[in-house]
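Look at the model below and pick out its aromatic side chains. Then follow the report from ring to ring, and on to a strand and a helix.

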Amino acid sequence: MANAKKACRYCKEYKQVHTMVTVPLGVFCNWAHAIAHGKALAEKKKVKVKVASDKAARVKHKADKERVKTKAKWLQELQVIENQYIRLRDKFKCCASCDKGPEWGGQWQAGHYYSRGHSASLRFNLNNIHKQCSVCNNHLSGNIGQYTPKLINKIGQAKFDYLTAHKSDIRSYDVEWIKRAIKISRKGVKRIKKRNANIIN
């Protein structure tokens, strides 16, 4: 045992145990290494505590912001995410109401067949929203004359009839429903981005 060797916890060099310093933190070449190792551990712990503290502060800040966020803001956030989903879902399709193809260089939007202002119950119904060029959506008020037959062809008569039957339904979205819908929509965006990337590659 007189020639037994151990590695210093600080510099990792092997030395004979009888020449080393043994403390609760381990075995070291000398006191300087033991002290340096202790300081390093203390600094590491300090950084870890700060990271945890900063994370807790961010979580609290986010919770505080969400607490004062109005329902209108929640609805707006959901609409933005859902519109992104629609544009990604229909990325390789033509405009919902004209012949502009996916290669068109203008602005693509998410066009509601039944407007969200007049048909609140269909505001987030995916069969009611499709990729549309800004010309049709903004300047031609949806270009409904051409949107109608193309929509029926895309989703089928039964689903189109459902939209028509429920266009005047009264619907109020509570904040908890909106929050759940946002989470689901975000997952959908992530999934469809991956799908589109696979198609391109």
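## Aromatic pairs

The model holds 7 aromatic pairs. Here, rings of Phe, Tyr and Trp (its six-membered ring) pair if their centres lie within 6.5 Å; planes under 30 degrees apart are stacked, over 60 edge-to-face, and the rest tilted. Take W104 and W108: their ring centres are 5.1 Å apart and their planes stand at 80 degrees, so this pair is edge-to-face. W104 is partly exposed, at 25% relative accessible area. W108 is buried, at 16% relative accessibility. The cut-offs are simple: buried is under 20% relative accessible area, exposed is over 50%, and partly exposed is in between (1.4 Å probe, protein chains only).

Y113 and F160 also pair edge-to-face, because their centres are 5.5 Å apart and their planes lie at 70 degrees. Y113 sits in the loop between β5 (108-112) and β6 (129-133), while F160 sits in helix α5 (residues 157-166), so the pair ties together parts 47 residues apart in sequence. Helices (H or I, at least four residues) and strands (E, at least two) are DSSP runs, numbered from the N terminus. Both Y113 and F160 are buried. Ring pairs link Y113, Y114, Y147 and F160 into a cluster.

## Charges over rings

K100 has its charged end over the ring of W104, 5.5 Å from the ring centre. R171 does likewise with W177, at 5.0 Å from the centre. The rule asks for NZ of Lys or CZ of Arg within 6 Å of the ring centre and within 35 degrees of the ring normal.

## Strand β6

How many of the residues of β6 are buried? The count is 5 of 5. In a regular strand, side chains alternate between the two faces of the sheet. In β6, I129, K131 and C133 point one way, and H130 and Q132 point the other.

β5 and β6 run antiparallel, joined by 5 bridges. Two strands pair if DSSP finds at least two bridges between them. Q109 has Q132 in β6 as its bridge partner.

L88 belongs to helix α2 (residues 71-89). At 16% relative accessibility, L88 is buried. G188 is 100 residues away along the chain, yet the two C-alpha atoms are 9.8 Å apart. Beyond neighbours within four places in sequence, L88 contacts V189, I192, K193, R195 and N196 (heavy atoms within 4.5 Å).

## About the model

This is a predicted model: local features need pLDDT of at least 70, side-chain atom pairs count only at pLDDT 80 or more, and totals for chains, interfaces and linings use all residues. Residues are numbered from 1 along each chain as its sequence is written, and side-chain values use heavy atoms, with hydrogens and water left out.
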